[in-house]
Amino acid sequence: MAQPKSQSRSMKEQFWDPVAGFGVTFRTMFKKVVTEQYPFEKQPTAPRFHGRHQLNRWPDGLEKCIGCELCAWACPADAIYVEGATNTDDADGEGRYSPGERYGRVYQINYLRCILCGLCIEACPTRALTMTNEYELADTTRADLIYEKSDLLAPLLPGMEQPPHPMRLGDDEGSYYRGEYGASAKEGDS
Amino acid sequence: MTTVPEKTDLVTLTIDGVQLSVPKDTLVIRAAEQVGVQVPRFCDHPLLAPVGACRQCLVDVPDAGNGRGFPKPQASCTLPVAEGMVVNTQATSPVADKAQQGIMEFLLINHPLDCPVCDKGGECPLQNQAMSNGRADSRFSARGGVKRTYPKPINISAQVLLDRERCVLCARCTRFSEQIAGDPFIALVERGALQQVGIYEREPFESYFSGNTIQICPVGALTSADYRFRSRPFDLVSTPSVAEHDACGSAIRIDHRRGKVMRRLAGNDPEVNEEWITDKDRFGFHYATEPDRLTYPQIREDGELRPASWPEAFAVAARGLSEAGGTGVLTGGRVTAEDAYAYSKFARVALGTNDIDFRSRPHSAEEAAFLAAEVVLRRTVTYADLESASTVVLAGLEPEDEAGMIFLRLRKAAGRAGSGGGTRVVSIAPYASRGLAKMHGQLVRTAPGDEAAALAALVAQGEFGIDKTAVILVGERLATVPGALSAAAGLAARTGARLAWVPRRAGDRGAVEAGCLPNLLPGGRPVADAGARVDVGADWGVDVPETPGRDADGIIAALGSGELGGVVVGGVDPDDTTDPAATRAALEAASFVVALELRETDVTRAADVVFPVAPVSDKAGTFVTWEGRPRPFEAVFSSPSSLPDLRILAGIAEELSALGVGRPLGFRTVAEARAEMEEMGPWDGERAVLGGSETALRPSSTTEEAGAGAPSSTTEGHFALATWKLMIDNGSLQDGDKAYRATGRAPVARLSPTAYDAHGPTVTLTGDRGSVTLPAEPAELDDDVVWVPANSFGNGVLADLASPGSRVTIAKGADQ
């Protein structure tokens, strides 16, 4: 059965087509290379890429997170764990970490579970939780992939002060939320 | 709440085009539920009187039953049904729907949008009903309206916090405090938009039931200092359970997260606690997470306790017990029925003794006989019976402090209007407490020690005549009064009144049923009855010892004198026992002490082997209420290192049998113990007779002591001491929540006005065990009687002041 088949092939099929195939290879040699040399060269992501989370601060350094757990509730993968606690203004208490009554004392995101869907960002009522473009979320132990609040908090920018400290930008949380603290201070968001 | 369905007149009406018949006087809002329409509501609560405060439940009534309709929408929570009435709810009537949306808009004008930080967010009726029956947009804030705000939160009590701006003025909390708890210390003050819940300046909101106001608040206006901001309702897991703090068996709901209890709420059990629980049941759960909780077995080596493995501890305990000679068992009153059964079987099967007693408090041989004759297996009185009884006699029992649900039932029963009035409450007590006044009760003023005579006199008394519709509730404190329990039994027998024994602790009644008494075997089998012994012995495969054992005081005395060498102690606090010093000395004197405890105590510090036991949240079990009603519950957490008492006793018994002593218990899990108890069943033979078995008991020191201390001779300056434990006191199961403790009543000594005038506002009481200085308060007591709370100062009355039944002297307090 093989004999008649090879005889049926035309001359073009036998000789031109293999050369034409190499032509594709040859042409590609002059094109721009698409291979990325990750991790030696790192490429910027799309601007709204869903990367590692960040807990933002107000311009005076207070945390935006109010410990409401709505992110944990929104999370379809059950990756977020939050415990709230009360801010205190008197000297003997824990101190003030956020404007208003309540702050997130414990904040953990488990990146073994997180699918980076961004529903937590949508749920956050104070824009405390946003996502950065950081995508290098690999580690060697499981425990290290549970990010604590200290890992997630935004860095202190100039003019910010490490909480706990009293509200510097207004008398109550309302002035923070309404943005009444003046044009001089910029948003703390990254 | 009666179980017998009453024949009532039915009224036929039409709701949303559906015709239905409901009993007369049903409110329209409940009738609507029967046709499947949920009318939104805030102020309406089935157990509170209707008030129509929130106006959210407006419905259209085109025909009020007389052919004419109401011109405006009506509040369905205050509108009783009428024959031929036509009601259109929001489901069919645009008028009602628009009215409800308008009310919702009004309520939301000043309600803050702080749902993300509000503890109620996620389980909030206002949130839910704003979604289902409110407008999507607010016209108020769209036009730049500014919400009224208050500084928040403010403390109503140490535990209850109020966010005034969240309040929708439904008055549920004030109505609960007034109608149910009888502590009307909060009320609505001011008018209009400034109306708010206020407190009296001089009367703090000190109510034992204040936590219920938090639970019934339909918004997040009332929160507890304990739970505030601790978690959100949507990540809590709820497990139904039973409260472990008193003998009422209240249904509770335990909300927990990641192996920690976050809060406890009242369950809904109309036959037991309705929808209320005491603050002790609600807030008293931190004891299980205190830092001194025992987590591993310990054995004593060279005088020091060191950690040990479970098998090693079992083996050491077994060896020690087998060498100790005679061994007694003290279980304490907090064990579940299954654990009590294990203790009972352990004593008889592994140790071969009847020296077992659950009573870690002043008690008497008479009480043991009374329990065997009148209490065990009897289920004569229920909560519902309290409501239908004509008269309820309280003897040695202060329900508000010692059995909160009985107090609420009696208050409800006594306050009920209607034919013949409500239940009449008669209390045999040294003075008319605030609790008795709240139950509209009458006092038979009785000096401590005279209760027996007062009970006996009741039958002849015209004013408080007792007949067979009456109920007699005797508290465990009556055990210290010689003859009082017999008098109560006699009174019940003569009049046909029903009798019930109300202990303080959750495990007491279960321990009676399980035979943790020197004269009782499980299922109410008397030790003195040969047939009963054979019955139990055949089940267990051993010969049950035939002599009744020693009671707790007897065991303590025998340990001190060396008659007994070993002792197995469950959750017993030496300060609760008849003689704390003697108990401590006995634990020192004992050659071998095995302690099964939750937390480090004086007992574990003196013990040779310490086993950690599971708190009730870690084990399944059954509590038996004072009625005799079993209240089974399942474990909330499964913690493999936290074992119930019965597993530990089974481990020791197995090691003992390997040493040739006794037999193994034959069960290792709660389910197996339950099955075995089920199989054994209750005793169907002759029960012990009060008075008959009394003589069979070995005399204990208590009866003599109490007998000697009976107030026969009144010497000048010597006062008879009346005392009981307040609900919120220094009990070790109430540790760990400062805000809760702060809601307790301050300890005061109550004196007759004459004595108060003589000694002034601060008095020093001196008894045979010490002296204490307390602020004094005048009350209607006998001139030679003084009342102090039993466990609200120092180590308690028994340790720091006086032995039971003894007298104290009073001097002017110097240091205040």
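Residues are numbered from 1 along each chain as its sequence is written, and chains are lettered from A and ligands numbered from 1 in the order in which they are written. Because the model is predicted, local features need pLDDT of at least 70 and side-chain atom pairs count only at pLDDT 80 or more, whereas totals for chains, interfaces and linings use all residues; side-chain values use heavy atoms, with hydrogens and water left out.

The size of an interface is often given as the accessible area lost when the parts come together. Chain A and chain B bury about 1300 Å² between them, and 55% of this area is on carbon and sulfur atoms. Buried area here is the accessible area (1.4 Å probe) that two parts lose on being put together, summed over both. Of the area that chain A buries against chain B, 46% is supplied by A:Y81, A:E101 and A:R102, more than by any other three residues. Each chain is represented in the contact, with 15 residues from chain A and 15 residues from chain B, where contact means heavy atoms within 4.5 Å.

Side chains of opposite charge can pair when their charged atoms come close. The rule finds four salt bridges across the interface of chain A and chain B, a salt bridge being a side-chain nitrogen of Lys or Arg within 4 Å of a carboxyl oxygen of Asp or Glu. A:E101 forms a salt bridge with B:R228, and the closest N and O atoms of the pair are 2.2 Å apart. On the side of chain A that touches chain B, the elements giving two or more residues are α3 (70-74), β2 (80-86) and β3 (102-110) of chain A. The largest share, six residues, comes from β2(A). Helices (H or I, at least four residues) and strands (E, at least two) are DSSP runs, numbered from the N terminus.

B:R257 lies in strand β12 (residues 251-257) of chain B. With a relative accessible area of 4%, B:R257 is buried; buried means under 20% relative accessible area, exposed over 50%, and partly exposed in between (1.4 Å probe, protein chains only). The side chain of B:R257 makes a polar contact with the side chain of A:E69 at 3.2 Å, and the side chain of B:R257 also reaches the backbone oxygen of A:V82 at 3.2 Å. Apart from neighbours within four places in sequence, the residues in contact with B:R257 include A:Y81 and A:E83 from chain A, and B:R230, B:S231 and B:M262 from chain B.

Over all chains the count comes to 69 salt bridges. One of them joins the side chains of B:D355 and B:R550, at 2.7 Å from N to O. This pair links distant parts of the chain, 195 residues apart: B:D355 is in the loop between α9 (337-350) and β17 (356-357) of chain B, and B:R550 is in the loop between α18 (530-540) and α19 (552-561) of chain B. B:D355 counts as buried at 5% relative accessibility, and B:R550 counts as buried at 14%.

The side chains of B:E367 and B:R361 meet in a salt bridge at 3.1 Å, N to O. B:E367 is buried at 0% relative accessibility, and B:R361 is buried at 8%. A further salt bridge is formed by the side chains of B:E513 and B:R509, at 2.9 Å from N to O. B:E513 and B:R509 are separated by about one helical turn because they are four residues apart in helix α17 (residues 508-514) of chain B. B:E513 is buried, with a relative accessible area of 18%, and B:R509 is buried, with 3%. Salt bridges that share partners join A:E69, A:E83, A:R105, B:D235 and B:R257 into one network.

B:F106 is placed in helix α2 (residues 94-109) of chain B and counts as exposed at 62% relative accessibility. A:F26, in helix α2 (residues 11-28) of chain A, counts as exposed at 52% relative accessibility.

Methods. Polar contact = N/O pair within 3.5 Å; in protein donor to acceptor, adjacent residues only side chain to side chain.
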